[in-house]
Amino acid sequence: MHTHDRGNVVFEGGRASAPLPISQIAIVVRDIDDALDKYHRVLGWGPWSVYEHKPPSLHDTYLHGQPTEYTMIGAETHVGPIVVELLQPVDGPSIYKEWLDEHGEGLHHIAVMRPTPEESE
């Protein structure tokens with residue numbers, strides 16, 4: 001059994017003794033340019049760093065256990081200590097495209113990070 005003290009959070013038996021802070025919120029959108037404009041205009045979030053994620057730099061991707069290739073556009077900004085990420089699927093099947101088709105635009109995932117790489121696995 002490993003115990004790690006990271007401030008007020010202690011990890012014992014694979015469980016945190018207190019809530020872990022949110023490090024990222026990811027939102028799937030249909031139109032990245034429209035979303036960037038709206039999140040900046042309405043909430044004041046930005047500036048945004050925009051990236052095109054595509055093979056070969058986007059690699060080892062799977063959908064339902066099967067290898068797949070896809071392209072998406074991502075944009076990131078910091079809102080306090082939290083990274084907010086907007087994701088627009090472009091080409092190919094992906095978890096983001098499926099989410100958009102089944103649920104529409106909105107929250108896709110929230111990430112929390114444990115203090116060490118070993119604890120994050």
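Colleague: Is Tyr39 buried, partly exposed or exposed?

Modeller: Tyr39 is partly exposed, at a relative accessible area of 22%. Buried means under 20%, exposed means over 50%, and partly exposed lies in between, with a 1.4 Å probe and protein chains only. This is a predicted model, where local features need pLDDT of at least 70 and side-chain atom pairs count only at pLDDT 80 or more, while totals for chains, interfaces and linings use all residues. Residues are numbered from 1 along each chain as its sequence is written, and side-chain values use heavy atoms, with hydrogens and water left out.

Colleague: Which ring pairs with Tyr39, and why is the pair called stacked?

Modeller: The partner is Trp45. The ring centres are 5.6 Å apart and the planes meet at 20°, so the pair counts as stacked. Rings of Phe, Tyr and Trp (its six-membered ring) pair if their centres lie within 6.5 Å; planes under 30 degrees apart are stacked, over 60 edge-to-face, and the rest tilted.

Colleague: And how accessible is Trp45?

Modeller: Trp45 is partly exposed, with 21% relative accessibility.

Colleague: How many aromatic pairs are there in the whole structure?

Modeller: A search of the whole structure gives 2 aromatic pairs.

Colleague: Let's zoom out. How many helices and strands are there?

Modeller: The chain has 3 helices and 10 strands. These are DSSP runs numbered from the N terminus: helices are H or I with at least four residues, strands are E with at least two.

Colleague: In what order do they come?

Modeller: From the N terminus, the order is β-β-β-β-α-β-β-β-β-β-α-β-α.

Colleague: What share of the chain is buried?

Modeller: Buried residues are 31% of the 121 in the chain.

Colleague: What about contacts between residues 24 or more positions apart?

Modeller: They account for 56% of the chain's contacts with a separation of 6 or more. A contact means heavy atoms within 4.5 Å.

Colleague: New topic. How many salt bridges does the search find?

Modeller: It finds 4 salt bridges in the whole structure. Each is a side-chain nitrogen of Lys or Arg within 4 Å of a carboxyl oxygen of Asp or Glu.

Colleague: Which residue does Asp37 bridge to?

Modeller: Asp37 bridges to Arg41, with the closest N and O atoms 3.3 Å apart. Both are in helix H1 (residues 32–43), 4 residues apart, so about one helical turn separates them. Asp37 is partly exposed at 40%, while Arg41 is exposed at 54%.

Colleague: What does Lys97 pair with?

Modeller: Lys97 forms a salt bridge with Asp101, and their closest N and O atoms are 2.8 Å apart. This pair lies in helix H2 (residues 95–103), 4 residues apart, about one turn of the helix. Lys97 is partly exposed at 33%, and Asp101 is exposed at 52%.

Colleague: And which residue meets Glu52?

Modeller: Lys54 does, at 3.6 Å from N to O. Lys54 is partly exposed, with a relative accessible area of 38%.

Colleague: Now the surface. Which residues form the nonpolar patch?

Modeller: Ile22, Leu107, Ile110 and Val112 form it, with about 320 Å² of accessible area together. Patches take residues with over 30% relative accessible area and no salt bridge; like charges are joined within 9 Å, and nonpolar side chains (Val, Leu, Ile, Met, Phe, Trp, Tyr) within 5 Å. Accessible areas come from the Shrake-Rupley method with a 1.4 Å probe, and for residues only the protein chains shown count as cover.

Colleague: Which strand gives the largest share of the patch?

Modeller: Strand E10 (residues 106–112), with 3 residues. Leu107 sits in strand E10 and is partly exposed at 45%.
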